[in-house]
Amino acid sequence: MALIQLKNIQLSFGGPALLDNLSMSIDAAERVCLIGRNGAGKSTLMKVLNRSILPDSGEIIVASGTVIAQLEQEVPQDMSGSVYEVVASGLSETGDLLSAFHALNEEDDIGSDDWMRRMEKIQQQLEAVNGWHFQNTIDTVISRLELDADADFGKLSGGIKRRVLLARALVQEPDVLLLDEPTNHLDIEAIIWLEDFLLGFKGSLVFITHDRSFLRRLATRIVEIDRGQVTSWPGDYDNFLRRKEEVLHAEALENARFDKKLAQEEVWIRQGIKARRTRNEGRVRALEKMRKERAQRREQQGSAKIQVDAGERSGKRVVEVEHISYTLPNGRVLIDDFSALVQRGDKIGLIGPNGVGKTTLLNILLGKLKPDSGKIIAGTNLQVAYYDQLRSQLDENRSVKDNLDRGADKVMINGKQKHVISYLQDFLFTPERANSPVNALSGGERNRLMLAKLFIKPANVLVLDEPTNDLDVDTLELLEELLLNYSGTVLIVSHDRAFINNLVTSCFVFEGNGKITEYVGSYDDWLRQRPAPALPTSKAPSRQKPKPESKPGSNKDNKKAQESQQAPKKKLSFNEQHELKNLPAEIEALEEQLEALEAQMAAPDFFKQEHKKVAAVTDELKQLQTTLSEKYERWEELES
């Protein structure tokens, strides 16, 4: 059943239509991901679904009784009060009453005559609006999201603030939950928590994300916005990529055929007197129609053309640190006795929760910050380019082109001179946009400008602190390709698991209490190698999970763990041997059932069925995934 229908939606802000005769629907119990290039209209479409923006024309049909709630992309700067008050504010007047009721119960004069009068009045008002139901809802949501109801919202971390805002949306008991870039500025632990939570949400989800791991785990349908039009792609992200490539290839062939025929007709129409005497008027009208159709064609936005000059080769040793430690003034240890060698060509990812000290370690490696103890040995012939996650290198009041190279008209790229406007076009800035002030740019545009500024000068060491925020998937994948082919050294901080998996050769992992450990390989490799889980883990693509192990403790504890790993294997009983022998076949059968269900859900009309049928299949899918994970864990347990 369709909860929301958009019919022939037209919306423009002065230029080409952002939404051009768009029609789509959101059905019950589905998870729809909106994707598209930066500026394609994803957030605008979200606002149309929420009716906070009305289209120029078209129809928005919302099923009777449908509740729509939205998680804001950015945390509102003016939001204050306790967590309870912020969460309750999602319920408007009822929320205000519940906040007052909650505050009364926290007062010192409970039981006084004045307190009793105020409490009686609020209770009567709450009863009139069915407020007790929503009080239970607020308490349940706050508990489920593991929040402190009395904490000061303004003093919370960015990740916890976003969790509070999610609670604020959930207390409305929405049938459709809209999420605009919900993973922005969250660390990996918070992202995985959010994935797990949303997988258990019973309503419909419509979300925008550039996090491919998040997208792959959640989406049951992908809706792409391209040149004002939407195309629905049932199934997962990899299926979308495969089918999208086929469609673009077919479109390119059709455009080439059309353009060739148009060129032939233009030659014919210009053939002189003899041709005009025998001219077919129907053919003339057809030509005029073709001209109009060609003029209205909207070409696909090009890809950024990112290049970087690796400069001269650095020495083999880029930087070496020996037994470095760093403690904050408040006594909190960020780095405790860390040693590492970074060599030419290494691509190293820094992994850990927000605020754990990743940027501090980068600044120590760059020589911008001195450790409390330990030794730093810098390499030779280093040309360092540093991408700052706060984008502090950008002057907000100057134009895009004036931010590049002190306002120069031309820049040197790979030893060749290039006009600044032409260079900016490689990063998808039109000439008009190149003259816009930085404070008018979107988050994605700011990131592209930072990359353009970063890659002007030769660099054999790239230090990138959260470079993936706000980049669309196409630009993100292009940056990945560039860095993979880059011959220099890369140090990168990112919470994008797919980006880390596709790029790095080793990881510096912050495991708590200042302990940093180096692991060979990518994020998934670390999950397999680590002696204890420092972060909650998501289901790996192969559906295998890391072995469950104990939490990290002291060196003595780790030594005991290593000794236990080296202990002789326990001999399996007859029943265990029989169980181990049968497990591969059971796992294979479960995977076949899972694939069949996934194929069933990928059908275009799957979510058009009755809600009960969709929910039954979805529940069966979750049960199969749980059983399969348990079988894998049991198999690993018996084998070890």
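Helix α6 (residues 158-170) and helix α7 (residues 188-199) pack at about 15°, and their axes lie 12 Å apart. Here helices are DSSP runs of H or I with at least four residues, numbered from the N terminus. Axes are lines fitted to C-alpha atoms over the stretch in contact, and angles between N-to-C directions run from 0 to 180 degrees. Angles under 35 degrees count as roughly parallel and those over 145 as roughly antiparallel. α6 and α7 are therefore roughly parallel. On the α6 side, Arg163, Leu166 and Leu170 make the contact; on the α7 side, Trp193, Leu194 and Phe197 do. Contact means heavy atoms within 4.5 Å.

This is a predicted model, where local features need pLDDT of at least 70, side-chain atom pairs need 80 or more, and totals for chains, interfaces and linings use all residues. Residues are numbered from 1 along each chain as its sequence is written, and side-chain values use heavy atoms, without hydrogens or water.

Now turn to a second pair. Helix α3 (residues 92-104) and helix α4 (residues 113-128) pack at about 150°, with axes 10 Å apart. α3 and α4 are therefore roughly antiparallel. Among the residues that meet are Leu97, Leu98 and Phe101 in α3, and Trp115, Met119 and Ile122 in α4.

The largest cavity is lined by 16 residues, and Thr183, Asn184, Asp211, Thr468 and Asn469 lie nearest its centre. A cavity is a set of points, on a 1 Å grid over the protein atoms alone, where a 1.4 Å probe fits but cannot get out; lining residues have an atom within 4 Å of a point.

Conventions: Helices (H or I, at least four residues) and strands (E, at least two) are DSSP runs, numbered from the N terminus. Angles under 35 degrees count as roughly parallel, over 145 as roughly antiparallel, 65 to 115 as roughly perpendicular and the rest as oblique. On a 1 Å grid over the protein atoms alone, a cavity is a set of points where a 1.4 Å probe fits but cannot get out, and a pocket is an open set with protein on both sides within 12 Å along at least five of seven lines; lining residues have an atom within 4 Å of a point.
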